[in-house]
Amino acid sequence: MAEIATLKKIKLRDVWQDEGQFSDWLSDNLSRLGDELGMELERSEREKAVGPFSADIVCVDQISKCDVVIENQFMRTDHDHLGKMITYASGLKASIVVWVAPRFRDEHFSAIDWLNDISGSETGFFGIVLEALQIEDS
């Protein structure tokens with residue numbers, strides 16, 4: 001009989017030192033996020049300037065040909081990152097916006113739902129919960 005290993009949740013900082021390191025990893029592994037979203041994400045730019053600000057990752061969904069902005073956060077969601085997400089989306093005219101964080105406040109999931117309700121079918125906002133899992137001692 002095959003042995004089944006134990007799966008455990010680990011701290012993000014045990015895998016990536018900081019948000020920037022995670023963004024570098026994600027920009028090189030966009031297919032993993034794309035698989036979850038039903039998209040084929042192709043990286044365009046990392047730290048793309050939007051006025052004096054910088055969007056974490058900008059890419060294109062090869063299926064819809066829509067521009068995608070990804071905003072990463074290493075802590076529970078906050079208003080600062082919600083504002084950044086909207087600022088980058090408007091500044092870059094992105095049709096799809098993805099906010100990645102380990103924990104979302106209920107109010108921020110509600111804000112994402114509301115943005116989807118008012119923006120129409122050509123624009124989409126996503127909230128993705130980030131977890132790091134380890135199998136045994138791997």
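Predicted model: local features only at pLDDT ≥ 70, side-chain atom pairs only at ≥ 80, totals over all residues.

Me: How do you know that the length of helix H3 agrees with its number of residues?

Reply: H3 covers residues 79–92, which is 14 residues. At 1.5 Å a residue they should span 20 Å. The end C-alpha atoms are 20 Å apart, so the two values agree. After H3 comes lysine 93, with a positive phi near 55°.

Me: Why are the buried residues of H3 said to line one face?

Reply: They are His81, Leu82, Met85, Tyr88, Ala89 and Leu92. Looking down the axis of H3, they fall within an arc of 135°, so they line one face of the helix.

Me: What about H4: which residues are buried, and why are they said to line one face?

Reply: His108, Ala111, Ile112, Leu115 and Ser119 are buried in H4. Their arc, seen down the axis, is 100°, so they too line one face. On the other side of H4, Asp106, Glu107, Trp114 and Asp117 are exposed. H4 runs over residues 106–119 and reaches 20 Å from its first C-alpha to its last, close to the expected 20 Å.

Me: Why is the pair of phenylalanine 104 and phenylalanine 109 called stacked?

Reply: Two values decide. The ring centres are 4.5 Å apart, and the limit for a pair is 6.5 Å. The planes meet at 15°, and under 30 degrees counts as stacked. So the pair is stacked.

Me: Why is phenylalanine 104 called buried, but phenylalanine 109 partly exposed?

Reply: Buried means under 20% relative accessible area. Phenylalanine 104 has 11%, so it is buried. Phenylalanine 109 has 32%. Exposed starts over 50%, so a value in between is partly exposed.

Me: What makes Trp16, Phe22, Trp25 and Phe74 a cluster?

Reply: Ring pairs link these four residues. The structure holds seven aromatic pairs.

Me: Which residues lie nearest the centre of the largest pocket?

Reply: Trp16, Trp25, Arg32, Leu130 and Glu131 do, among 17 lining residues. The pocket has a volume of about 430 Å³. Helices H1 and H2 and strands E6 and E7 each give two or more residues to its lining.

Conventions: Residues numbered from 1 in each chain as written. Heavy atoms only, no water. Phe/Tyr/Trp six-rings, centres within 6.5 Å; stacked < 30°, edge-to-face > 60°. Buried < 20%, exposed > 50% of the residue type's maximum accessible area, 1.4 Å probe, protein only. Helix = DSSP H or I, 4+ residues; strand = E, 2+ residues; numbered from the N terminus. Expected span 1.5 Å × (residues − 1). Arc of directions from axis to C-beta. 1 Å grid on protein atoms, 1.4 Å probe; cavity = no way out; pocket = protein on both sides within 12 Å on 5 of 7 lines; lining within 4 Å. Points joined across faces, edges and corners; volume = space filled by probe spheres on them.
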